[in-house]
Amino acid sequence: MVQTQHATKTLTHAQCITERLARMREVRGFSVVELARRAGMDKSHLGKVLRGERGLRADELVCLCYALGVSMEQLIPMELRRELDERCMRMPDGSPRF
């Protein structure tokens, strides 16, 4: 499992994104209920996502970005984007995808 160093703890990519979503929600002063409403999501599902109990689908991530008024680039840290870009450009055996 690929992991990202964040402050004093090590987070998976999903945890890093979820933590940033939670922080952006708090900074904007949105309750979980309000963010879920703005994103068109069920509030209990969003709560579970933010607590790390459930995964987040790509379409839900896009809706949350719109609801928070941020781009995917603002949500996903640069080092994580570089790592994911590199991983997506390679086949499982390490050979270039394109």
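Modeller: Helices (H or I, at least four residues) and strands (E, at least two) are DSSP runs, numbered from the N terminus. The secondary structure of this chain comes to six helices and two strands. This is a predicted model, in which local features need pLDDT of at least 70 and side-chain atom pairs count only at pLDDT 80 or more, while totals for chains, interfaces and linings use all residues. Residues are numbered from 1 along each chain as its sequence is written, and side-chain values use heavy atoms, with hydrogens and water left out.

Biologist: Which pattern does the chain follow along the sequence?

Modeller: Read along the sequence, the pattern is β-β-α-α-α-α-α-α.

Biologist: What is the mean pLDDT of the chain?

Modeller: The mean is 84, and 88% of the residues reach 70 or more. The term pLDDT stands for the predictor's confidence in each residue, from 0 to 100.

Biologist: Where is confidence lowest, and where is it highest?

Modeller: Confidence is lowest in strand β1 (residues 3-6), with a mean of 46, and highest in helix α2 (residues 32-39), with 97. Over residues 1-8 the pLDDT is below 50, and this stretch has 18 contacts in the model beyond near neighbours in sequence. Contact means heavy atoms within 4.5 Å. Where pLDDT is low, the predicted coordinates should not be read in detail.

Biologist: How many of the contacts in the chain with a separation of 6 or more come from residues 24 or more positions apart?

Modeller: Such residues account for 46% of those contacts.

Biologist: On to burial, then. What share of the chain counts as buried?

Modeller: Of the 98 residues, 33% count as buried. Buried means under 20% relative accessible area, exposed over 50%, and partly exposed in between (1.4 Å probe, protein chains only).

Biologist: Which residues have the most contacts inside the largest nonpolar core?

Modeller: They are Ile17, Leu21, Leu35, Leu46, Leu64, Leu68 and Leu75, in a core of 21 residues. The elements that give two or more residues to this core are α1, α2, α3 and α4 (58-68). A nonpolar core is a set of buried Ala, Val, Leu, Ile, Met, Phe, Trp, Tyr and Cys residues joined through side-chain atoms within 4.5 Å.

Biologist: What does Leu21 contact?

Modeller: Leaving aside neighbours within four places in sequence, Leu21 is in contact with Leu50, Leu56, Leu61, Leu64, Leu68 and Leu75. Leu21 is among the buried residues of α1, together with His13, Cys16, Ile17, Thr18, Ala22, Met24 and Arg25.

Biologist: How many residues does helix α1 have, and what follows the helix?

Modeller: Helix α1 (residues 13-27) has 15 residues and reaches 21 Å from its first C-alpha to its last, close to the 21 Å expected at 1.5 Å a residue. That expected span is 1.5 Å times one less than the number of residues. Gly29 follows α1 and has a positive phi, near 75°.

Biologist: Where is Pro77, and is it buried or exposed?

Modeller: Pro77 is in the loop between α5 (72-75) and α6 (78-88). Its relative accessibility is 9%, so Pro77 counts as buried. Pro77 touches Cys16 and Arg20, not counting residues up to four places away in sequence. Pro77 and Ile17 are 60 residues apart in sequence and 8.3 Å apart in space, C-alpha to C-alpha.

Biologist: Cysteines next. How many disulfides does the structure hold?

Modeller: The structure holds zero disulfides, a disulfide being a pair of cysteine sulfur atoms within 2.5 Å. Cys63 is in no disulfide; the nearest cysteine sulfur, that of Cys65, is 9.4 Å away. Cys63 is partly exposed, with a relative accessible area of 33%, and Cys16 is buried, at 4%.
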